[in-house]
Amino acid sequence: MPTNAQAVAQKLLQHGCHITFAESCTAGLCAARLGEIPNISHIFDQSFVTYANEAKIALLGVDPALIEQYGVVSEPVALQMAIGASARTGAQVAVGISGIAGPGGGSEEKPVGMVCIGYTIGEKQFSQTCRFGDIGRNAVREAAVDTVYAVLNENL
């Protein structure tokens, strides 16, 4: 049984689509999952790790006013990260991820384990907020990546 990442890669190959990521809290883990698949360069050729707000603004074109209004960990910002990554790479599929992996940095409104993910798949754009809980930094990051590939697999 193929993993979700393998299934996504197969679907992208079938459709002739490219994918890119704009990752913050996952720090490249989504891209790394694809890197485990042979011949992935047919659908994946570049990605972004934009931990700092300044990098999100400079490299992805995220509007600083959006960060100010909603906070960097928000669906609008995650979606704009995906849109910016797609615009800069020409990829038909893009994912933006921003979250609080912990152990610190959370608040009552935005607790540790909260991750916002934005998707662009062709003309379709949508986002989601996941609340994985304070399960540990690496577990939050892995859960976010698993979610990304499950959602992509369902929507491609």
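Sorted by class, the residues that line the largest pocket comprise six nonpolar, five polar and two charged ones. The model described here is a predicted one. The volume of this largest pocket is about 160 Å³. In total 13 residues line the pocket, and those nearest its centre are S24, C25, Y51, G99 and I100. Two elements, helix 3 and strand 3 (93-99), each give two or more residues to the lining of the largest pocket.

Helix 3 leads on to a pair of helices. Helix 3 covers residues 53-60 and helix 5 covers residues 75-89; their axes come within 9 Å and cross at roughly 40 degrees. Angles under 35 degrees count as roughly parallel, and those from 65 to 115 as roughly perpendicular. Helix 3 and helix 5 are therefore oblique to each other. On the side of helix 3, the contact is made by K56, L59 and L60, while helix 5 brings Q80, M81, G84, A85 and R88. Sorted by class, four residues in this contact of helix 3 with helix 5 are nonpolar, two are polar and two are charged.

A second pair is formed by helix 1 and helix 6. Helix 1 spans residues 4-15 and helix 6 spans residues 137-155; the axes of these two helices come within 9 Å, crossing at roughly 40 degrees. That angle makes helix 1 oblique to helix 6. The crossing of helix 1 and helix 6 is also left-handed. Which residues of helix 1 and helix 6 meet? From helix 1 they are N4, A5, A7, V8 and K11, and from helix 6 they are Y149, A150, L152 and N153. The contact of helix 1 with helix 6 has six nonpolar residues, two polar ones and one charged one.

Two points in the loops concern the backbone. Where is A27 found? A27 is in the loop between strand 1 (19-23) and helix 2 (29-35). Phi of A27 is near 45 degrees, which is a positive value in a residue other than glycine. The other point is at P103, in the loop between strand 3 and strand 4 (114-121). The peptide bond joining G102 and P103 is cis, with omega at about 10 degrees.

Conventions
Residues are numbered from 1 along each chain as its sequence is written. This is a predicted model: local features need pLDDT of at least 70, side-chain atom pairs count only at pLDDT 80 or more; totals for chains, interfaces and linings use all residues. Side-chain values use heavy atoms; hydrogens and water are left out. Axes are lines fitted to C-alpha atoms, for helices over the stretch in contact, and angles run from 0 to 180 degrees between N-to-C directions. Helices (H or I, at least four residues) and strands (E, at least two) are DSSP runs, numbered from the N terminus. Angles under 35 degrees count as roughly parallel, over 145 as roughly antiparallel, 65 to 115 as roughly perpendicular and the rest as oblique. Contact means heavy atoms within 4.5 Å. Ala, Val, Leu, Ile, Met, Phe, Trp, Tyr, Cys and Pro count as nonpolar, Asp, Glu, Lys and Arg as charged, and the others, Gly among them, as polar. On a 1 Å grid over the protein atoms alone, a cavity is a set of points where a 1.4 Å probe fits but cannot get out, and a pocket is an open set with protein on both sides within 12 Å along at least five of seven lines; lining residues have an atom within 4 Å of a point. Grid points are joined across faces, edges and corners, and a volume is the space filled by probe spheres set on the points. A crossing is left-handed if the near helix is turned anticlockwise from the far one by less than a right angle, and right-handed if clockwise.
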